[in-house]
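Me: I'd like a close look at one part of this protein: the aromatic rings and the nonpolar packing around them. Could you walk me through that?

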Amino acid sequence: MKFFIDTANLDQIKEAQDLGVLDGVTTNPSLMAKEGITGAQNIKDHYVKICELVEGDVSAEVISTDFDGMVKEGEALADLHPQIVVKIPMIKDGIKALKYFSDNGIKTNCTLVFSAGQALLAAKAGATYVSPFIGRLDDVSTDGLALIEKIRLIYDNYGYETQILAASIRHTMHVIECAEIGADVMTGPLSSILGLLNHPLTDIGLEKFLADYRKGNS
Ligand code: E4P
């Protein structure tokens, strides 16, 4: 399972990268705004900084909602750095743009996916990644993980190569259950990755090992 971090915060990206388990980064316009990154050129510069920090794919989202705009913007984003993946919203022109980029060898991430039908369309259009938002589904009393299961089944039925990127991860159990289901990638905040480390028996066990060592060597 690939681990992506879902943030535009350079310190958090670096911390995850230094841990040695990071496979990529996802961003969106809200995450950029949260870091105070505004203006087209600043946003582009920030994408390049992120690419220089990590080795894997970095999703950069288009703002346009029409086919021509998405193609122009997506091509400019893809030109910024070889690690850039163009993030395209799940709308009608988005499907056309996914097909265009797929035909032209540019990696894509289809975002704002909330149903199996949308995921099927994204795969047919040749998306590299599909991003079902499981946390936002859970927020409206709908089972986000059940959607990941459905998409896994559909993609396996037909051998679609589009990777399931479980997005809007909120906590460690989302990560673990996505791994059980067989999501190809998860993207979440740093806390969802670091939280996987925690177990009280590890802390208690380590404390005892160190105390016993100290007793034997004092
Ligand atoms: C995915 O690429 C999105 O950036 C993200 O996972 C959305 O998560 P949120 O629902 O926590 O905003």
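Reply: One cut-off first: buried means under 20% relative accessible area, exposed means over 50%, and partly exposed is in between. Keep in mind that this is a predicted model.

With that in hand, take Y100. Its relative accessible area is 25%, so Y100 lands in the partly exposed class.

Now for the rings across the whole structure: a search turns up 6 aromatic pairs. One of them joins F4 to Y129, edge-to-face, with 5.7 Å centre to centre and 70° between the planes. That pair ties together distant parts of the chain, since F4 sits in strand β1 (residues 2-6) and Y129 in strand β6 (residues 129-132), 125 residues apart. F4 is buried at 1% relative accessible area, and Y129 is buried at 1% as well. Back to Y100 and F101: their ring centres are 5.5 Å apart with the planes at 75°, so this pair is edge-to-face. Ring pairs also bring in F67, making a cluster of F67, Y100 and F101.

As for the nonpolar packing, the largest core has 54 residues, and V25, I88, L98 and C178 have the most contacts inside it. Helix α8 (residues 144-158) gives the most to this core, with 5 residues. There's also a second, separate core of 5 residues, including V85, Y129, L165 and V185.

Definitions and conventions. Residues are numbered from 1 along each chain as its sequence is written. This is a predicted model: local features need pLDDT of at least 70, side-chain atom pairs count only at pLDDT 80 or more; totals for chains, interfaces and linings use all residues. Side-chain values use heavy atoms; hydrogens and water are left out. A nonpolar core is a set of buried Ala, Val, Leu, Ile, Met, Phe, Trp, Tyr and Cys residues joined through side-chain atoms within 4.5 Å. Buried means under 20% relative accessible area, exposed over 50%, partly exposed in between (1.4 Å probe, protein chains only). Helices (H or I, at least four residues) and strands (E, at least two) are DSSP runs, numbered from the N terminus. Rings of Phe, Tyr and Trp (its six-membered ring) pair if their centres lie within 6.5 Å; planes under 30 degrees apart count as stacked, over 60 as edge-to-face and the rest as tilted.
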